[in-house]
Amino acid sequence: MEPRFNLFANEIGAKILKRIYNVSTAIEESSLPKPTQHLVMIRASQINGCGFCLDAHTKDAAADGESAVRLNLVAVWRETTVFTEAERAALALTEEGTRLADAHLGVSDETWEQVRKHYDDDQISGLIALIAMINAANRLNVITRNQGGSYEPGMFSRVTS
């Protein structure tokens, strides 16, 4: 399967991707714990079937010291003992925020209460934006058929505003 379209090679596409990258940089620099950021991006990418993002975010997480056990268990986080209660709250919000069309109520009050219990307002802002942005990135890559496998940690660090 070949990619359908190279957004970086198109002037408008490149502008859009640069702005997405800049938003992602602001989230990365937030007080939301880096391991949580990785878990959220991995889980949303699993749900959305985005091979490119899953490749990138698992490699970035591993480069940042995330364990293979935790990376391998993200998809079944409810059936494991390796994630904190705060991470579980973030993963639940990720799933409910990613599967909006699957749940007529969207994000449940129970999940929201768990998020409020474990994160402050700045972290919640970062978490909400992260879920929205990773879903956008997943959609861009799935639509254009960007495949996983060739990502190297840090390869997008040259993308600027």
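Before naming any helix, I note how I count them: a helix is a DSSP run (H or I) of at least four residues, numbered from the N terminus. I also remind myself that this is a predicted model.

**Entry 1: a residue in H7.** I looked up Asn 138 and found it in helix H7. Is Asn 138 buried or exposed? Asn 138 is buried, as its relative accessible area comes to 0%. I then asked which residues Asn 138 touches, leaving aside those up to four places away in sequence. My list for Asn 138 reads Ala 44, Ser 45, Asn 48, Cys 50 and Cys 53.

**Entry 2: H7 and its partner.** Next I followed H7, residues 121-144, to helix H1, residues 11-28. I have the two packing at an angle of about 150 degrees, with 10 Å between their axes. Angles over 145 degrees count as roughly antiparallel, so H1 runs roughly antiparallel to H7. I noted the crossing of H1 and H7 as left-handed. Which residues make the contact? From H1 I wrote down Leu 17, Ile 20, Val 23 and Ile 27, and from H7 Gly 126, Ala 129, Leu 130, Met 133 and Leu 140. Sorting the residues of this H1 and H7 contact, I get eight nonpolar, one polar and no charged. Gly counts as polar in that sorting.

Entry 3: I moved on to Arg 145, in the segment after H7. Most residues other than glycine have a negative phi. I put Arg 145 down as partly exposed, with a relative accessible area of 32%.

**Entry 4: a residue in H5.** Ala 86 lies in helix H5, which spans residues 85-98.

**Entry 5: the annotation.** Last, I checked the UniProt record, an unreviewed entry, and found the annotation "domain: Carboxymuconolactone decarboxylase-like" over residues 25-96. Over that stretch I read 69% helix and 0% strand. The end C-alpha atoms of residues 25-96 are 24 Å apart.

Notes
Residues numbered from 1 in each chain as written. Predicted model: local features only at pLDDT ≥ 70, side-chain atom pairs only at ≥ 80, totals over all residues. Heavy atoms only, no water. UniProt positions renumbered as here; feature names shortened; annotations may be inferred. Axes fitted to C-alpha atoms, helices over the stretch in contact; angles between N-to-C directions. Parallel < 35°, antiparallel > 145°, perpendicular 65-115°, else oblique. Left-handed = near helix turned anticlockwise from the far one by under 90°. Contact = heavy atoms within 4.5 Å. Buried < 20%, exposed > 50% of the residue type's maximum accessible area, 1.4 Å probe, protein only.
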